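Take a look at the chain below.

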Amino acid sequence: MYRKIIVAVALGGIEKGEKILRKAASLLDDGGEIIALNVVEDVPSYVAIELPANMVEDVMKDSRGQLEALVAAAGVAATVEIRNGPPAKAIISAAESHGADLIIVASHVPDFSNYFIGATADRVVRHAKCSVLVDRQKV
C-alpha cells in the first residue's frame, strides 16, 4: 500500500513502538522502506547552561542504540534515524525530506494539558502533507 513510511517512536513508550513498527511492516509495499524515527527535543537555553555541553549528542547516541534494539526486537527491517528539535516539526520535516507517503505515530489518552498545548500527534495530523495513521491506545 505504501512505499515509504516514517514511524515516529517515542522511546518512553517502547511497547507502542514495537506495535507501530509491525503495523508499518504490514502496510509496506514490496521493495518499500520503513524509517524508524526518534526526535530528541532541544533543551531550553536556561536549562542547558547547567548541563554538560555534549548532553544532547549523548542523548541522541543513546536514543539511536535504543531505537536500533527496538527495531531488532520487532523483527522489522527499518532504517533508524534520530533528529532533534520540536517533535512534530522534526517528524514532518523527515517525512518531506524522505518523500514519505505515510507517517505512523502512536497516541496516548489525552490529559488536561493537551487542551492548551496540543499533542505531537495532533500537530502532525494537522500539518503533514502525506497520510498520517494515528495508532490509538486502548483505554
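Where does D101 lie? D101 sits in the loop between α4 (87-98) and β4 (102-106). Helices (H or I, at least four residues) and strands (E, at least two) are DSSP runs, numbered from the N terminus. This is a predicted model, in which local features need pLDDT of at least 70 and side-chain atom pairs count only at pLDDT 80 or more, while totals for chains, interfaces and linings use all residues. Residues are numbered from 1 along each chain as its sequence is written, and side-chain values use heavy atoms, leaving out hydrogens and water.

Start with the overall plan. The chain has five helices and five strands. From the N terminus on, they run β-α-β-α-α-β-α-β-α-β. Buried residues make up 37% of the 139 residues in the chain. Here buried means under 20% relative accessible area, exposed over 50%, and partly exposed in between (1.4 Å probe, protein chains only).

D101 is buried yet has no salt bridge. A salt bridge is a side-chain nitrogen of Lys or Arg within 4 Å of a carboxyl oxygen of Asp or Glu. The nearest side chain of opposite charge, R3, is 4.1 Å away. For charge, Lys and Arg count as positive and Asp and Glu as negative; His and the chain ends are not counted. What does the side chain of D101 reach at 3.0 Å? That is the backbone nitrogen of K4. The backbone nitrogen of R3 lies 3.1 Å from a polar atom of the D101 side chain.

Two strands pair if DSSP finds at least two bridges between them. Y2 has L28 as its bridge partner in β2.

A salt bridge also links K4 to E33, with the closest N and O atoms 3.2 Å apart. K4 lies in strand β1 and E33 in strand β2, so the pair ties together parts that are 29 residues apart in sequence. E33 is partly exposed, at 27% relative accessibility.

The salt bridges come to five in total. One of them joins R22 to E18, at 3.0 Å between the closest N and O atoms. Both are in helix α1, four residues apart, and are separated by about one helical turn. Another joins D135 and K19 (3.2 Å, N to O). D135 lies in strand β5 (residues 131-135) and K19 in helix α1, so this pair ties together parts 116 residues apart in sequence. D135 is buried, with a relative accessible area of 12%, whereas K19 is partly exposed at 38%.

Now the nonpolar interior. A nonpolar core is a set of buried Ala, Val, Leu, Ile, Met, Phe, Trp, Tyr and Cys residues joined through side-chain atoms within 4.5 Å. The largest has 20 residues, of which I5, V7, V9, L21, L67 and I104 touch the most other members. Apart from it lies another core, of 18 residues, among them L37, I91, I103 and C130.

Key
Polar contact = N/O pair within 3.5 Å; in protein donor to acceptor, adjacent residues only side chain to side chain.
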